[in-house]
Amino acid sequence: MTLVFSLARCPSGQAPDDSPMALHLYSPRECPRSFPRLNGLQLDETLQQMQQGTLMRKVKSKSWKKQRYFKLQDDCMTVWYKSKKTGNTKYTFSISDVETVREGHQSEVLQSLAEEFPPEHCFTVVFHGRRGNLDLIAGSPEEAQCWVRGLRRLVEIVTKMDQQEKMDQWICDWFHKADKNKDGRMSFKEVRQLLRMMNMDMNEDHAVRLFQMADRSESGTLEGEEFVLFYKALTQRDDVLGVFQAFSQDGKKLTLLELVDFLQQEQLEGENTQEFAMELIARYEPSESARARHVLSLNGFLLYLRSPEGAIFNPVHGPLCQDMTQPLCHYFISSSHNTYLLEDQLRGQSSVEGYIRALKRGCRCLEVDCWDGPSGEPVVYHGHTFTSKIPFQDVVRTLGQYGFQASDYPVILSLENHCGPEQQHLMAQHLTGILGERLLTAPLDARGPPQLPSPEELRGRIILKGKRAESLAHSPSGQPDEAPEREASEDDDGLEAEEESLSQEAKGKAETSQARELSDCIVYCHSVPFGGFQPALARRRPYETASLPEAKARKLVKEAGNEFVRHTARQLTRIYPSGLRTDSSNYDPQEMWNVGCQLVALNVQTAGVEMDLCDGLFRQNARCGYVLKPAFLRDAGTAFDPNDPRSGAGGGPWSLAIQVISGQQLPKVAGSRASAIVDPLVRVEIHGVPADQARQETQAVDNNGFNPRWGETLRFKVHVPELALVRFVVEDYDKASRNDFVGQFTLPFASIKSGYRHVHLLSKDGTAIPPSSLFVHVQITELPSPE
């Protein structure tokens, strides 16, 4: 019989016993909901064939094509492959790591092999985060379809798992990992290995006691329900139990009124609290009889706290919730720099995959560096470097295919045009021919509006940002404009400056004879050199967009913060990394958001705190890539200066107190030994205006990444909450060297929920790592305004 572990429901609908944290074991027939354990699936012909294994070619290039034997493991959660020659297992991946499966020649590698292998033999496995794709060629169309169908089915099942199902899946995964001889039982030796695998160094005597308590059959091994009892003892949440009992009169349940008291007093939920409490009971209480009596058990309480409603990120801010009818310059816009690069700026690979990944994560401003190609077709690459080249038309096709999958708000295509007139003509043909009506080529209002259109008005449209030929420069209304005095190329820093000097003559020819077809496609985002705030104010042309290197922008922030804010309230401004960042590292985007810069372009292929901040800011508003700026950054007459937090930002300051209570199932450090156990500490960082920049951290807990307890309170003073981001970081403490990253989560201060909350951690790539979390208590208090 296939065993199913369940933390939540029992077949009778009654609470299984008086233990508030009861865990029980059911067969699939008894379990009232389908268990997420994928080997509990009905194995159809497709999955059975995948489990038997298939010989396929793994390809990395036209010359690298190796035969590998791919096999779906019995758990239906893992795929491994081995070399045909050596027979050794070389690689595994989890179904939970897979984002999607593409059929046919939908990667550059497979496209390069199109003449050798037909599309029906080919498919691509795309992983979450920054992990490279897996390109495969099957021996027959039937084999390819088998794997495409099977993987898609399994990915769909994993994607639809709720929080409890993910936890159940996690428990069963550990059971199978620890059961080395696959006999369905665990000896004490296997249990000790399991504890270390789970990031826990438990006292030997305590481990023996737990093992003997769970071994009800006294067989010297744990099997089935005994393992669940062991896991129950291991994961007893005394921290949650204490909170529960503080509001429960009998310590076993929360009545509706007791739950309402908790939601009002601790969680600070607003209106209709009783209705919300009823919804929580209906959604998270596992016992049918308890639901009928409108009470919440400890199991249901824990499920609520681990749910989106119990998370630190305000679920109200998740869907589209902001006014999208204001001018483009009133929004922060998720922006990518050198979007075509997957690696460094000197020798890295250029790929349309860079555009796909950026678009899927919500980027709405993409950069394209266009150069004359040797075959008469324009190419995209980082000029005067050894980065590889991709055809411009492939980039445009990718934009047409993926541009509006993650968001239907406008995409701004930032053109760095280094082409001569002939290939500019081809660029215009590709843009208009491939994108069609989605490409904006004329003003929305023939009268020429005095301000930029809104994201709502531009929904589903692609906007070109670039330089117009000086002889053709005009406003959206069609009236001729005198072009601003030329200062330098748009990207005039580092390598861009070198490009400027190396190609000055060629560029001069291109500008004097710029193709009109391409110039006419640039409507609302005219790229112009930055000539100062006062000249821009005098010109009053909101459709002009200046780009500044990070160093120049940083200097202006310090010297003329308020002028910078007023400038960005009127027109778009783009900031880009220094050309000296050849490793594709990033600058701190917070400095630029503090003065209202909309297009803060980052190397999205590079993980780190900068991209954590970017993901955190754009986590809100349906991740659509547009976030409405605070009112004081939208007012062209504002007095706000980020260097002076008292200069017109509104109320405050605010006190933020975060009690870091505990951690749950923290992951091991990437690349560490299996026996290595983390010594976790938690750091909370405030990123905002200079006066708000702060960080504090807890003490480290020795040898426990499974259920560490801290109980420390970190306190902060936040002057401008509208611009503040809060970053939770877990690190593995090392007194002899730099701490190692374990997980993080970043969100806007304005999106923080008060009370007892779980912080669901993300990996360095920004992908979820369930069930890893922190349990915290948050208190936010407005302080008296300073005189």
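Reply: We start with the whole chain and then turn to one residue. Keep in mind that this is a predicted model.

Me: What is the mean pLDDT of the protein?

Reply: pLDDT is the predictor's confidence in each residue, from 0 to 100. Here the mean is 87, and 87% of the residues reach 70 or more. Over residues 483–489 the value is below 50, and this stretch has 21 contacts beyond near neighbours in sequence. Residues 492–512 are also below 50, with 37 such contacts in the model.

Me: How many helices and strands does the protein have?

Reply: There are 23 helices and 32 strands. The protein has 787 residues, and 57% of them count as buried. Take contacts between residues at least 6 apart in sequence: 69% of these join residues at least 24 apart. The accessible surface is about 32,700 Å², with 48% of it belonging to carbon and sulfur atoms.

Me: Now one residue. Where is Asp692?

Reply: Look in the loop between β26 (680–687) and β27 (694–697).

Me: Which side chain of opposite charge is nearest to Asp692?

Reply: A salt bridge needs the charged atoms within 4 Å. The nearest side chain of opposite charge is Lys717, at 8.7 Å. Asp692 is buried, yet has no salt bridge.

Me: Which backbone nitrogen lies 2.7 Å from a polar atom of the Asp692 side chain?

Reply: That of His719. The backbone nitrogen of Val720 lies 2.9 Å from a polar atom of the Asp692 side chain.

Me: What does Asp692 touch, not counting residues up to four places away in sequence?

Reply: Asp692 touches Ile686, Lys717, Val718, His719 and Val720.

Notes:
Residues numbered from 1 in each chain as written. Predicted model: local features only at pLDDT ≥ 70, side-chain atom pairs only at ≥ 80, totals over all residues. Heavy atoms only, no water. Helix = DSSP H or I, 4+ residues; strand = E, 2+ residues; numbered from the N terminus. Buried < 20%, exposed > 50% of the residue type's maximum accessible area, 1.4 Å probe, protein only. Contact = heavy atoms within 4.5 Å. Areas by Shrake-Rupley, 256 points an atom, 1.4 Å probe, with all protein chains shown as cover. Lys, Arg positive; Asp, Glu negative; His and termini not counted. Polar contact = N/O pair within 3.5 Å; in protein donor to acceptor, adjacent residues only side chain to side chain.
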